[in-house]
Amino acid sequence: MSFVLFFPSRAPQMRAAPRHAPAAQPPAAAAPSAVGSPAAAPRQPGLMAQMATTAAGVAVGSAVGHTLGHAITGGFSGGGSAEPARPDITYQEPPGAQLVNQQSRGPCSLEIKQFLECAQDQGEVQLWEGFKKVLRQCRIANEGHPPRMDRVEKKVKKRRYSEDFLQYGFTSKITAEIEKPQCVICGDVLSAESMKPNKLKRHFDSKHLSFAGKDISYFKSKADELKKGRLDTGIKSPKQNVVAVEVSYLVALRIARTMKPHTFAEDLLLPVAKDSVGVMIGDEFVTQLSAVSLSNDTVRRRIDDMSADILDQVIQEIKSAPLPIFSIQLDESTEVANCSQLLMYVRYINDGDFKDEFLFCKPLNTAATARDVFERVGSFLKEHKLSWEMVCGICTDGARAMLGCQSGFQHLVLNESPKVIGTHCMIHLQTLAMKTLPQDLKEVMQSVISSVNFIKSNTLNSQLFSQLCNDLDTQNKALLFHTEGRWLSSGTVFKRVFELRDELKIFFSQKGRPQLEALFSDESELQKMAYLVDIFAILHELNLSLQGPNATCLDLSEKIQSFQMKLELWQNKLDENKIHMLPTLSAFFEEHDIKPSKRITVIISMKKHLHMLAQEISWYFPNLPDVPFALARSPFTVNVEDIPEPAQEEFIELVNSDAARTDFSTLPVTQFWIKCLQSYPVLSETVLRLLLPFPTTYLCEKGFSSLLVIKSKYRRRLAVENDLRCALAKTTPRISDLVRKKQSQPSH
């Protein structure tokens, strides 16, 4: 008959299913040992401790059991001591059980704990055997479910980089606080365990044996270059502060050239950069971007510094030019804050050619008269120690009383410098064409503009007209606004209206507008409209050819003279009733079979307009002197008698020089005469004074377009000059010099 002993504190317990422990007798009190071990002798593991170690290893069947067995070995030391077994009054968890709680979470963890407690207390053998049997049964019942142990990180020996490794072409790189070797030749990063001379040498011999003869200074320079190109040095040195300041200048320059607000960097660019670096390189490098200061005030100061540096370079280039003269173009316009801004560009000789550069943009706080403009320009020249005698040409546009070439500002400049050549902008010929229109043509033009505004100024009318064009399957479904301030708008407006004349007739009939309907029903009015389409299209094509940078008066004067001759030719053709030069009008005559007798009215109006237009162009653009420009255009065909006396001897030397003939055939005209400055200074200066003046205010018009982008209604109080200079200037700011004068102020 078997029975079960129950011990309240250490009885075997099963969690999965109830099991019966083997029968055991209550342990009898052990008699004290008669022979005690010497006090000085070391305590050795007893029999129970050795059995517990073996049983734990066998029972668990894994590293846990062995670990636990060894851990409790010290608990069984002195098992043969004469001390009697005493019951535990206060339970203290043995070291082995602590290790179980920390590492073992298997299905038999409770049985293991009970088994070890029994072995630790050195109970009776029968009781210990009972716990052992229970542990074995638990293991069999839970077979296939081994005890789980938390992963113990493998201790890796950290190797440090040595300067001796540089002879194998290796430097160090810190990644996630782990130092690894990196090859300075191929850039490969090896594992931390490879920080050994033999492994580094193996890499060098297998991949870079051709570099075996290089000196160690070569590898050191390669290592420095490699470290400059990465962000993982992990050391905040003064050099990094310099780099941070340089980055802030580069970003500010980008913002200025793209004409973005100063807050663009702090609100968008810096967060985007941090996100990109964090994803692509690593979060540990994101904090390094905080050293770059990109606040609104910092960007403004950077732009101010670069603007001052650009202006200083331009002034120095003008003063140090081989021929210290320059020409200017200037114009005035009103921006969004109702402030009149004066914009000025300069052209001078630099690096063997002409250079067009932005000079300034100054507000005219009072009146914008000729005297105000003259004083503003004069004060700028005086401030930078430039004289009016250095100015060789002025190109203006606008009212005659202010910036016209016959009076006003140019007249005041001629009083200061009689050698100045004044020109009027050549690219606003459509304005002259509109001013010279006869009354009947002007009425047609105003009626066309009124019809367009009637539709475009009302949302409902615009939508209804678009729907009408859709119903009629019309290709061009939208009209264009007309504005006198926009270049070439007249020609495109008239062309679109003439193409949609049938649709406009239907629309105004539905709207009950008989006056506007008659404009698109009367053949006489349509003939005049067709002429306006043709003449403005011709002016549009001419204006496109006159636009662009680096143009000279020599180039554009030829085109203006050709157009003047065409106007005379067209007048003669109209006398003969020939209109082939006006394709739209000619096609309209053929389409509607207009007889010559019904063409007389419109032909008279056209002749009158062409005559007045030719006179107006001749007044604004007088013929340039033939001999000086012939000398600039083809010097080897001019007679020596036509050359000014001070330059005649140099001219003779020039025309008899084979090298000069070769240069003239291979170089542009401007570069040829600049090259001749050394050998033929008087003759070259005579020609360059004719070539330097601007023929148009094209650059100023482009500058005003940029000004409206920079100074929008959201930035009405911005002082726009520095931003505009950084955006439009060709000269690059000397950022390296500016950085040396600054100290890094990291972003907060």
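1. A word on the model first. This is a predicted model, in which local features need pLDDT of at least 70, side-chain atom pairs count only at pLDDT 80 or more, and totals for chains, interfaces and linings use all residues. Residues are numbered from 1 along each chain as its sequence is written, and side-chain values use heavy atoms, with hydrogens and water left out.

2. Overall make-up. The protein has 31 helices and seven strands; helices (H or I, at least four residues) and strands (E, at least two) are DSSP runs numbered from the N terminus. Of the 748 residues, 44% are buried, where buried means under 20% relative accessible area, exposed over 50% and partly exposed in between, with a 1.4 Å probe and protein chains only. Taking contacts (heavy atoms within 4.5 Å) between residues at least 6 apart in sequence, 69% join residues at least 24 apart.

3. Five strands make an open sheet with the order 5-4-3-6-7 and mixed pairing; two strands pair if DSSP finds at least two bridges between them. Strand 5 and strand 7 (421–424) are the edges, each pairing on one side only. From one strand to the next the twist averages 20°, with axes being lines fitted to C-alpha atoms (for helices, over the stretch in contact) and angles running from 0 to 180 degrees between N-to-C directions.

4. Strands 3, 4 and 5. Strand 3 (residues 326–334) is joined to strand 4 by eight bridges in the antiparallel sense, and Glu332 has Leu342 of strand 4 as its bridge partner. Strand 4 (residues 340–350) also runs antiparallel to strand 5, here with eleven bridges; Tyr345 sits opposite Phe358 of strand 5. The hairpin of strand 4 and strand 5 has two residues between the strands, and Asp351 there adopts a positive phi near 55°.

5. Helices 11 and 13. Helix 11 (residues 370–383) packs on helix 13 (residues 409–416) at about 45°, and their axes are 8 Å apart. The two helices are therefore oblique to each other: angles under 35 degrees count as roughly parallel, over 145 as roughly antiparallel, 65 to 115 as roughly perpendicular, and the rest as oblique. On the helix 11 side the contact includes Val373, Phe374 and Val377, and on the helix 13 side Phe409, Leu412 and Val413 are among the residues. Helix 13 also lies across strand 3, strand 6 (391–396) and strand 7, running at about 175° to strand 6.

6. Helix 30. Six of the eight residues of helix 30 (residues 721–728) are buried, so the helix is largely enclosed by the rest of the structure.

7. A loop residue worth a look. Leu677 lies in the loop between helix 27 (669–675) and helix 28 (681–691), and is buried, with a relative accessible area of 12%. Beyond its neighbours within four places in sequence, Leu677 contacts Pro322, Leu323, Ile349, Ser684, Glu685 and Leu688. Leu323 is 354 residues away from Leu677 along the chain, yet their C-alpha atoms are separated by 8.1 Å.
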